[in-house]
Amino acid sequence: MPTTRRLILGHVMSGLCHKMNRTKRLPADLLETPLNRCLSTLDITLLGVGHMIGAGIYVLTGTVAREIAGPGIIISFILAGFVSMLAALCYAEFGTRVPKAGSAYIYCYVSVGEFWAFVIGWNILLEHMLGAASVARAWSGYVDSMVGGIVSNVTMSITGEMHEQLLAKYPDILAFLVCISYAVALGSGAKATAVLNGLLTVANLFVMIGVVVIGFWHADIRNWSEAEGGFLPYGVTGVLAGAATCFYAFVGFDSIATSGEEAKNPASSIPIATILSLSAVTVVYVLVSAALTLMVPIRDIHPTAAIPEAFGSLDLPWAKYAISLGALCGMTTTLLGSLFALPRCMYAMASDGLLFSCFGTVNAKTQVPLLNLAVAGFLSALLALIFDLEKLVEFMSIGTLLAYTIVSASVIILRYRPPHVEPITVHAPDSAEDDNTSQSSIDTVSPTSETIQIALTGRLRPQFRWLEPVLGRCEPGVAVSTAVLLFTVFCIAICLQLKVSWTELLHGTWWALVLYGFFIFCLVSCVVVIAAHHQNSSHLDFKVPLVPYIPALSIFCNIELMVHLSLLTWIRFFIWISVGMLVYFLYGIHHSKEAEDCGTSYSMLMTSAEASKGPWGALQTKNTTEKDQPKKEDKKPIIDEEEIPE
């Protein structure tokens, strides 16, 4: 008889692929939640605007304009905003499908499977931690700039410099305290947070309007001339690299989807808030970038406090301090947004059993996961203490782009996956031979257009019957899922080739033309296979237009930006993923609430009499006596004979 060790290992390894690909079963009432549904559409819109228009506009603008893209930062923001909008449309559709906390994590869990959902959720946790830490670091830097460097000088005189290359120059104690303070403030509840965020966001928007008006009033077109390097001093490559970095500025709309479980009417609020906030923020970023690069030559732009220092150079000291105060308001809202979303993502993963169960509790009084907030605040503060802003920002973009890619793929998969339809019993009381009811998922007597659409989901369209010999034997939805996977793989291949052999393509080298032609043919073929099938978009308050083309374009653009990130960023990313894999395979996969045999075989093995003999079922050395034998009444069958249905 096998030992408990073998039984447990057999249970862990059996059906591993099935466990990694199991999808989340949604409850009957999607609006039921222990959280407080108190946020209006305006609250959620301001939350998204506040999260996006903070450190990105005050810190990122100067760094990208001076060192990466020059005045071409305008195009970088347009590209990053366009790619973000493609992903935002996909988020908006999912927000109407699944009004739950967790954002991309829960969307992926419903459509793709548990393993990829964990990967996305794990990266979202890192994204928001890095977001909070980077904003706290920027907040501290602005205060230090306003007081003439007193904070940094005093800190270095006390602690000295950290000479490690991967760490910051000095430990930023002020940034640490800022993170802790705002985490404590967020414990008061979602509505109080929304009110504070709304007030600070409105103040920040007024400051932005002032920056644009005064900036264009003092604009000098010669700052874009060839004498200053021209509009694209770093070329197209710099614009693309700048767009990849500028993605950091748009990650805030993810917090809109995270608030889905606290929205009063998520089906309408999430799409409206997502599109409005992203559109407004993109316009603001473009206008502020144009004003900054027209006011000051790129060589004179301050990398960390670009906008206040630019106004200071124009002999407008009052504007410098007013903008600095507006910057603090804007960075405060971004910090609030990150610390608001992070505990709720932890709560969503813990509620599904993929993170430790202690993170799945909600305080009864404030209806906020307070333990999650405390842990999130401390970890973010620790990152802000020891890392500088540049490393935090670059590392943050990769997880965001990966989340956008998988959400876009998930929209395509769900549109072409046949929904689970409960059997409908059709009775014919006036016919004796039909007294034995037949079950069918479709009412064949009077089928509606909706039932027909459901029945055809995932099947080939009539005009694409010529694909029947190739795809005819596939189950509905399988061919589309495979095509999405192949499309993603070929996108990675062509984006890598664009990075390493762009020159050969421009010069018309024959092998480059053949290779790119093959990749483009494969991409187009995958899209054709997807579009050849019927899709189901019923019961959706908001639908992504032009599916599968817009989500496919989103996948390609996200991957194109990902390949422009540095190698060191990718190394850090794989280290973080490796830690996540340990958490998933040692804990999450065994405690998942979606396990079909949850509470049966695995739990029985762990509590069996043989398991109590020692670690991993080791035999005890003492002699077995009669009193050690199990009692007869303990050998009852699991199901009583009276309970067995006849």
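Is Phe 115 buried or exposed, and what is its relative accessible area? Phe 115 is buried, at a relative accessible area of 15%, where buried stands for under 20%, exposed for over 50% and partly exposed for values in between (1.4 Å probe, protein chains only). The model is predicted, so local features need pLDDT of at least 70 and side-chain atom pairs count only at pLDDT 80 or more, while totals for chains, interfaces and linings use all residues. Residues are numbered from 1 along each chain as its sequence is written, and side-chain values use heavy atoms, with hydrogens and water left out.

Rings of Phe, Tyr and Trp (its six-membered ring) were paired if their centres lie within 6.5 Å, with planes under 30 degrees apart taken as stacked, over 60 as edge-to-face and the rest as tilted. The count under this rule is 20 aromatic pairs. One of them joins Phe 115 to Trp 116 in an edge-to-face arrangement, 5.6 Å centre to centre with 75° between the planes. Trp 116 is partly exposed, at a relative accessible area of 40%.

Turning to confidence, pLDDT (the predictor's confidence in each residue, from 0 to 100) has a mean of 75 over the chain, and 78% of residues reach 70 or more. Residues 421-446 stay under 50, and residues 597-646 are also below 50. Where pLDDT is low, the predicted coordinates should not be read in detail.

Definitions and conventions:
Contact means heavy atoms within 4.5 Å.
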